[in-house]
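This report covers charge pairs, a strand hairpin and a pocket. Please keep the sequence and the model at hand.

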Amino acid sequence: MIEIVEKKDMNTVTNDMQIEFAAVSNNESFARMAVSAFITPLNPTLEELSDVKTAVSEAVTNAVIHGYENRNDKNDKVRMSCVLRGDVLEVEISDRGVGIEDVKKAMEPLYTTKPELERSGMGFAFMEAFMDDLEVYSKAGCGTSVKMCKKIGINPWIDSEE
């Protein structure tokens with residue numbers, strides 16, 4: 001299911017979308033492309049585009065590998081919600097998987113619960129480094145929600161002075 005809605009309020013055009021997809025590793029690239037297309041109207045720099053795609057990739061990968069433990073159950077879904085508030089992108093990646101018992105510990109660089117899968121433990125560190133804001137909400141047995149924000153288009157695409 002893909003839904004895109006454009007709304008206008010007094011000061012800002014807000015656009016939002018929600019996508020729900022199977023929790024399989026192949027859909028990580030789909031999520032990257034979907035968020036890229038979504039922010040294209042803001043004329044992001046290549047660096048901004050890369051940052052957002054990397055953060056989304058890490059969050060989706062965490063949902064598939066850790067949230068659903070890579071089990072490929074057809075009922076396991078990852079939900080990506082994106083909102084544009086002017087030039088600020090808000091992204092939420094959520095799952096209804098196993099959840100995280102200790103979010104603070106999980107966010108420590110190099111910490112991983114899957115060393116046998118050669119996971120680097122840098123997912124949350126990358127999300128935090130590439131986005132302007134990161135919040136992680138989780139409850140063991142109930143799933144995880146990763147919320148990230150990034151200002152897009154810090155510099156104008158075309159200089160208005162001639």
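## Salt bridges

Arginine 85 and glutamate 90 join their side chains in a salt bridge, at 2.9 Å from N to O. The term means a side-chain nitrogen of Lys or Arg within 4 Å of a carboxyl oxygen of Asp or Glu. Arginine 85 is partly exposed, at 45% relative accessible area. Glutamate 90 is partly exposed too, at 25%. Here buried means under 20% relative accessible area, exposed means over 50%, and partly exposed lies in between (1.4 Å probe, protein chains only).

The model is predicted: local features need pLDDT of at least 70, side-chain atom pairs count only at pLDDT 80 or more, and totals for chains, interfaces and linings use all residues. Residues are numbered from 1 along each chain as its sequence is written, and side-chain values use heavy atoms, without hydrogens and water.

## Within a helix and across the chain

How many salt bridges does the whole structure hold? The search finds five. One of them links glutamate 28 and arginine 32, at 3.8 Å from N to O. Both residues sit in helix H1 (residues 27-39), four residues apart, or about one turn of the helix. Helices (H or I, at least four residues) and strands (E, at least two) are DSSP runs, numbered from the N terminus. Glutamate 28 is buried, at 19% relative accessibility. Arginine 32 is partly exposed, at 23%.

Lysine 150 and aspartate 51 form another salt bridge, at 3.4 Å from N to O. Lysine 150 belongs to strand E6 (residues 143-151) and aspartate 51 to helix H2 (residues 46-67), so this pair ties together parts 99 residues apart in sequence. Both lysine 150 and aspartate 51 are buried.

Strand E5 (residues 133-139) pairs with E6 in the antiparallel sense, over seven bridges. Pairing requires at least two DSSP bridges between two strands. Tyrosine 137 has serine 145 in E6 as its bridge partner. Three residues separate E5 and E6 in the hairpin. In the turn, glycine 141 has a positive phi of about 85°.

## The second largest pocket

The second largest pocket has a volume of about 200 Å³. A pocket is an open set of points on a 1 Å grid over the protein atoms alone, where a 1.4 Å probe fits, with protein on both sides within 12 Å along at least five of seven lines; lining residues have an atom within 4 Å of a point. Volume is the space filled by probe spheres set on the points, which are joined across faces, edges and corners.

The lining includes Glu20, Tyr68, Arg79, Asp95 and Cys142. Strands E3 (77-85) and E4 (88-95) each supply at least two lining residues.
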